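Open the model in your viewer and keep the sequence panel beside it. This tour tells you what to select at each stop and what is there.

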Amino acid sequence: MDMTGEERIAAPRDAVWAALNDPEILKACIPGCQSLTMKSPTELEATVKIKIGPVSASFSGAVTLSNLNPPESYTISGEGKGGIAGFAKGGADVRLTEDGDGTILAYDVKAQIGGKLAQLGSRLIDSSSKKLATQFFADFGARLNGAP
């Protein structure tokens, strides 16, 4: 699965960068995130519970930040295991560009899934992924604008 997009966030680039590296903000914005712990400045552990179509699963895994170029870009990659539901692994290149008093956050995601999730079909996976991304960016933008 590949997904590319851009979101305009009404906050300065430094604030967006700081939020993208703040586990508490990310935990609050990632749909279904139950825990997100910073193990080092570039390593996190996460547990996320999601439902895609008829499959509901809890994924636990590690997330790594690389190619760090603050406050412009980084690569985030990870792998999660969801027991019988399967696995998910992949990464995203994230770029931040100043846009007046806001920031354009561009992303390019590449992911693989296996197990029961892979049997759901690419249409359901793609539409669910887009819905989760839309929810994340709505929550992330609201957080940066002072909403609880």
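Which pattern does the protein follow, read along the sequence? The order is β-α-α-β-β-β-β-β-β-α. In total there are three helices and seven strands; helices (H or I, at least four residues) and strands (E, at least two) are DSSP runs, numbered from the N terminus.

Two notes on how to read the tour. This is a predicted model, in which local features need pLDDT of at least 70 and side-chain atom pairs count only at pLDDT 80 or more, while totals for chains, interfaces and linings use all residues. Residues are numbered from 1 along each chain as its sequence is written, and side-chain values use heavy atoms, with hydrogens and water left out.

**Stop 1: the whole protein**

Select everything. Along its principal axes the C-alpha trace spans about 45 × 30 × 30 Å. The radius of gyration is 15 Å, which agrees with the value near 15 Å for a compact globule of 148 residues; the radius is taken over C-alpha atoms, and the globule rule is 2.2 Å times the number of residues to the power 0.38.

Of the 148 residues, 35% count as buried. Buried means under 20% relative accessible area, exposed over 50%, and partly exposed in between (1.4 Å probe, protein chains only). The accessible surface comes to about 8100 Å², and 53% of this belongs to carbon and sulfur atoms; such areas come from the Shrake-Rupley method with a 1.4 Å probe, and for residues only the protein chains shown count as cover.

Contact means heavy atoms within 4.5 Å. Among contacts between residues at least 6 apart in sequence, 49% join residues at least 24 apart.

**Stop 2: Thr-103**

Now select Thr-103, in strand 7 (residues 102-114). Is this residue buried or exposed? Thr-103 counts as buried because its relative accessibility is 0%.

Show the polar contacts next (pairs of N or O atoms within 3.5 Å; within protein, one must be able to donate a hydrogen and the other to accept it, and residues adjacent in sequence count only if both atoms are side-chain atoms). The side chain of Thr-103 reaches the backbone oxygen of Ala-11 at 2.6 Å and the backbone nitrogen of Arg-13 at 3.0 Å. Leaving aside neighbours within four places in sequence, Thr-103 is in contact with several residues, including Glu-7, Ile-9, Val-16 and Leu-96.

**Stop 3: Arg-13**

With a relative accessible area of 16%, Arg-13 is buried. Not counting residues up to four places away in sequence, Arg-13 touches Pro-71, Glu-72, Leu-96, Thr-97, Glu-98 and Thr-103.

**Stop 4: Pro-71**

Select Pro-71, in the loop between strand 4 (55-69) and strand 5 (73-81). Look at the bond to Pro-70: a cis peptide bond joins the two residues, with omega about -10 degrees.

Which residues does Pro-71 touch, not counting those up to four places away in sequence? They are Arg-13, Asp-14, Trp-17 and Leu-96. Pro-71 and Trp-17 are 54 residues apart along the chain, yet their C-alpha atoms are separated by 5.6 Å.

**Stop 5: Asn-67**

Step back into strand 4 and select Asn-67. Its phi is near 50 degrees, a positive value in a residue other than glycine. Asn-67 is exposed, with a relative accessible area of 57%.

**Stop 6: Gly-80**

Move on to Gly-80 in strand 5. Gly-80 is buried, with a relative accessible area of 11%. Beyond neighbours within four places in sequence, Gly-80 is in contact with Phe-59, Ser-60, Gly-61, Phe-87 and Ala-88. Then draw a line to Ala-142: Gly-80 and Ala-142 are 62 residues apart in sequence and 27 Å apart in space, C-alpha to C-alpha.

**Stop 7: Lys-89**

Finish at Lys-89, in strand 6 (residues 87-99). Its relative accessibility is 34%, so Lys-89 counts as partly exposed. The C-alpha atoms of Lys-89 and Glu-79 are separated by 4.1 Å, and the two residues are 10 apart along the chain. Leaving aside neighbours within four places in sequence, Lys-89 is in contact with Gly-78, Glu-79, Lys-110, Ala-111 and Gln-112.
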